[in-house]
Amino acid sequence: MDITVKKFKDLQNQELYYILQLRSAVFVVEQNCVYQDLDGKDFKALHVIGTKKGELVAYTRIFKAGKYLEYASIGRVLVKESARKYGYGKDILSASITAIATYFNESRIQLSAQCYLQRFYNSLGFIAIGESYLEDGIPHILMEKR
């Protein structure tokens with residue numbers, strides 16, 4: 001998988017379209033969750049884009065400390081449903097962790113994880129902080145990597 005990291009203003013129209021299309025497919029349609037994906041935070045984020053043979057297969061957005069959560073953070077973590085068997089989730093998360101160190105010079109990272117993915121995030125060094133909570137009707141838990 002090829003990884004690129006871009007500021008919002010550097011995303012090409014078609015690239016942005018495919019990102020938003022995949023976010024909608026995963027977070028709205030697949031998870032049957034009606035919520036406002038376009039939350040105004042994309043402008044503040046760096047976008048970590050994973051492609052295979054030119055097709056978008058994985059994505060996250062990352063933030064400096066204080067722009068979304070208290071510490072540097074990763075959000076909108078997704079892998080296209082047909083590509084989940086290839087380990088791209090770990091690849092895109094590892095690339096996001098590296099990008100936070102490279103672009104923000106930060107190592108303490110937080111994310112709001114869907115509870116059913118807690119083991120996945122544990123395998124990448126994240127630990128749960130506090131109790132679970134509902135976000136857009138889905139159980140989540142704050143997780144942190146130091």
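This briefing walks through the salt bridges, cysteines and surface charge of one protein structure. You're looking at a predicted model, where local features need pLDDT of at least 70, side-chain atom pairs count only at pLDDT 80 or more, and totals for chains, interfaces and linings use all residues. Residues are numbered from 1 along each chain as its sequence is written, and side-chain values use heavy atoms, with hydrogens and water left out.

**Salt bridges**

- The structure holds 11 salt bridges, each being a side-chain nitrogen of Lys or Arg within 4 Å of a carboxyl oxygen of Asp or Glu.
- Asp-37 pairs up with Arg-23, their closest N and O atoms being 3.0 Å apart. That pair links distant parts of the chain, with Asp-37 in the loop between H1 and E2 and Arg-23 in helix H1, 14 residues apart. (Helices are DSSP runs of H or I with at least four residues, strands are runs of E with at least two, and both are numbered from the N terminus.)
- Asp-37 also meets Arg-76 in a salt bridge (2.7 Å, N to O). Arg-76 sits in strand E4 (residues 72-79), so this pair ties together parts that are 39 residues apart in sequence.
- Asp-37 is buried, with a relative accessible area of 9%, and Arg-76 is buried at 14%. (Buried means under 20% relative accessible area, exposed over 50%, and partly exposed in between, using a 1.4 Å probe and protein chains only.)
- Asp-39 forms a salt bridge with Arg-76 too, the closest N and O atoms being 3.2 Å apart. At 26% relative accessibility, Asp-39 counts as partly exposed.

**Cysteines**

- A disulfide is a covalent bond between the sulfur atoms of two cysteines. Here the cut-off is a pair of cysteine sulfur atoms within 2.5 Å, and the count comes to zero.
- Cys-33 is buried, with a relative accessible area of 6%, while Cys-115 is partly exposed at 24%.

**Surface and strand E1**

- Lys-7, Lys-9, Lys-44, Lys-64 and Lys-67 gather in a surface patch of positive charge. (Patch members have over 30% relative accessible area and no salt bridge, and like charges are joined within 9 Å.)
- One of them, Lys-44, lies in the loop between helix H1 (13-30) and strand E2 (46-52), and Lys-44 is partly exposed at 47%.
- Asp-2 lies in strand E1 (residues 2-7) and is exposed, with a relative accessible area of 51%.
- Asp-2 and Gly-50 are 48 residues apart in sequence and 5.5 Å apart in space, C-alpha to C-alpha.

Technical notes
Patch = residues over 30% accessible without salt bridge, like charges linked within 9 Å, V, L, I, M, F, W, Y side chains within 5 Å. Areas by Shrake-Rupley, 256 points an atom, 1.4 Å probe, with all protein chains shown as cover. Lys, Arg positive; Asp, Glu negative; His and termini not counted. Charge placed at Lys NZ, Arg CZ, Asp CG, Glu CD.
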